[in-house]
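Thanks for coming. I will go through one structure this morning, chain by chain, and then look at a few places in it.

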Amino acid sequence: MRAVVLNGLRERDVGQAISDEVRSCLEHAGWITEEFILRDHKVAPCVEDFGCWIRKPGQCLIKDDAQEITRAFLTCDLVVFLTPVTFGGYSSELKKVLDRSICFALPYFEETGGETHHPTRYDRMPAMFYVGTETTPDDNAESVFRELVRRNALNMRPPAYRVSFVSADTDAARVAEEVLALANEEYGS
Amino acid sequence: MTGTPGILFAVGSQKPAASNSRSLADYLAEKLRQRGVPSKQIHILPLVRAEERRNELFAAVDDADFLFLVFPLFVDSQPWSVVRFTELVAAHRRSANAGPMRLAALVNSGFPEARHNHTALAICRQFAVESNMRWAGGLALGSGAVIGGKPLPEAGRTVRPVMKALDMVADALADGRDIPAEAIALMARPLMPNWIYRNVATLGFWWTARKNGVSGKLRACPFSSPVEP
């Protein structure tokens, strides 16, 4: 099984040890892991031209590191999103990649659960684990973050997803165990 | 301060030129101008992409006493440029120990239901809390694609409720009030039956794909096979 960490932390954010701990824990359990430290990659912003829907379906027309990152994201079994909780949302580093992932959806509209959504392009999506890091825990920001993750799950339709929050005094091993628990629950130990 | 305090419209479209967000901001700015309220507009994307333009960005924010974010919904929240803008502005205001200002937002989505925008508005509200801004209200617009990047008065009868809602917003802001609940409710009202929007929008994408010669490949799954050159 393969896991990908999309690391949207900036250099001074708390939680720098999380990725190493999560990868080590998963690798110990037999997983192959890969990490993308997004601030080190060249990723242009989505230009809202829907080229990945109506010019080259399923593929962004911008040639940069996002091609490799989104491909790894889609084809793995578990993706771990690591981001500072940014006003209840994701960091700009992570959001830039997520904006480039609309090629995972189809340009059709369907009603699901009383709301309109795009069907997913692929039958199989990875399980998703979201780690939100905070300098100071903020209940409201966490609540918004959870809702954002829930909304993303409605659109990306992972087989399972979890959210965890990390502050400066959080034990990285605890988060790694939570990620492994999701992995085991979804794919067996 | 380098000018008369007023409203700064920060447009968060990722497109280089005409956009629905810009059409909405232009309309509201004109209505405010008619009521004697000065405003200025910036396009966020080029300002956050160019490091050398940061001072221009910060000066625009510092000169205003009201920031009005207008942007499209991207993957359930603000597009990258708006996230980056809020990160930069919050850090700038903290380091400058900036005084209070008001914040409002208008989010438009390509889905017919306005509620898709609520998480983005909640993020804006949290940005206000963390940036010493007072939240003046948020508007959510569904079916934003019907604007077609045109000036609102030229976008057809369907968008009349949108214009009416913005007229109400202009009245309120000119009086120093926050965005009224009536305007929020009117803006969120469906512009057409959802099933019609879904079919028209799907047909629109299909038709454009047909013109591009790829209508038979709309369901392609390139990541299931080696990447095309």
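Let me begin with a term I will need later: a crossing of two helices is called left-handed if the near helix is turned anticlockwise from the far one by less than a right angle, and right-handed if clockwise. Please also keep in mind that what you see is a predicted model.

Helix α6 of chain B covers residues 160–174, and helix α7 of chain B covers residues 181–188. Their axes come within 8 Å and cross at roughly 160 degrees. Angles over 145 degrees count as roughly antiparallel, and therefore α6(B) is roughly antiparallel to α7(B). The crossing of α6(B) and α7(B) is left-handed.

Which residues make this contact? From α6(B) they are B:Pro161, B:Val162, B:Lys164, B:Ala165, B:Met168, B:Val169 and B:Ala172. From α7(B) they are B:Glu182, B:Ala183, B:Leu186 and B:Met187. By type, the residues of this contact are 9 nonpolar and 2 charged, with no polar ones.

Now the chain as a whole. Chain B has 8 helices and 5 strands. Their order along the sequence is β-α-β-α-α-β-α-β-α-β-α-α-α. Taken along the principal axes, the box filled by the C-alpha atoms of chain B is roughly 55 × 40 × 25 Å. Of the 229 residues in chain B, 46% are buried. If we take the contacts in chain B with a separation of 6 or more, 75% of them are between residues 24 or more positions apart.

One residue of chain B to look at is B:Arg35. It is found in the loop between α1 (20–34) and β2 (39–43) of chain B. Is B:Arg35 buried, exposed or partly exposed? There are 13 other C-beta atoms within 10 Å, and B:Arg35 is therefore partly exposed. Neighbours within four places in sequence aside, B:Arg35 is in contact with B:Ala170 and B:Ala174. B:Arg35 and B:Asp175 are 140 residues apart in sequence, while their C-alpha atoms are 9.4 Å apart in space.

On to chain A. How many helices and strands does chain A have? There are 6 helices and 7 strands, and along the sequence they run β-α-β-α-α-β-α-β-β-β-α-β-α. The radius of gyration of chain A is 16 Å, close to the 16 Å from the globule rule for 189 residues, so chain A is as compact as a globular protein of that length. The C-alpha atoms of chain A fill a box of roughly 45 × 35 × 35 Å along the principal axes. Of its 189 residues, 50% count as buried. In chain A, 75% of the contacts with a separation of 6 or more are between residues 24 or more positions apart.

Here the residue to look at is A:Ala168, in the loop between β7 (161–166) and α6 (172–187) of chain A. A:Ala168 counts as exposed because it has 11 C-beta neighbours inside 10 Å. Beyond its neighbours within four places in sequence, A:Ala168 is in contact with A:Val14 and A:Thr135. Between A:Ala168 and A:Arg23 there are 145 positions in sequence and 19 Å in space, C-alpha to C-alpha.

That leaves the interface. Here 39 residues of chain A are in contact with 42 residues of chain B. On the chain B side, α4 (80–95), α5 (118–130) and α8 (194–211) each supply at least two residues. The most comes from α8(B), with 7 residues. The chain B side divides into 21 nonpolar, 12 polar and 9 charged residues.

One helix pair spans the two chains. Helix α4 of chain A, residues 92–99, and α4(B) have axes that come within 8 Å and cross at roughly 175 degrees. That angle makes α4(A) roughly antiparallel to α4(B). In this contact A:Ser92, A:Lys95, A:Lys96 and A:Asp99 of α4(A) meet B:Trp80, B:Val83, B:Arg84 and B:Glu87 of α4(B). By type, the residues of the contact of α4(A) with α4(B) are 2 nonpolar, 1 polar and 5 charged.

I will stop there and take questions.

Technical notes
Residues are numbered from 1 along each chain as its sequence is written. Chains are lettered from A and ligands numbered from 1 in the order in which they are written. This is a predicted model: local features need pLDDT of at least 70, side-chain atom pairs count only at pLDDT 80 or more; totals for chains, interfaces and linings use all residues. Helices (H or I, at least four residues) and strands (E, at least two) are DSSP runs, numbered from the N terminus. The radius of gyration is taken over C-alpha atoms; the globule rule is 2.2 Å times the number of residues to the power 0.38. A residue is buried if 20 or more other C-beta atoms lie within 10 Å of its own, exposed if 12 or fewer, and partly exposed in between; C-beta atoms are placed from the backbone. Two residues are in contact if their C-beta atoms, placed from the backbone, lie within 7 Å. Ala, Val, Leu, Ile, Met, Phe, Trp, Tyr, Cys and Pro count as nonpolar, Asp, Glu, Lys and Arg as charged, and the others, Gly among them, as polar. Axes are lines fitted to C-alpha atoms, for helices over the stretch in contact, and angles run from 0 to 180 degrees between N-to-C directions. Angles under 35 degrees count as roughly parallel, over 145 as roughly antiparallel, 65 to 115 as roughly perpendicular and the rest as oblique.
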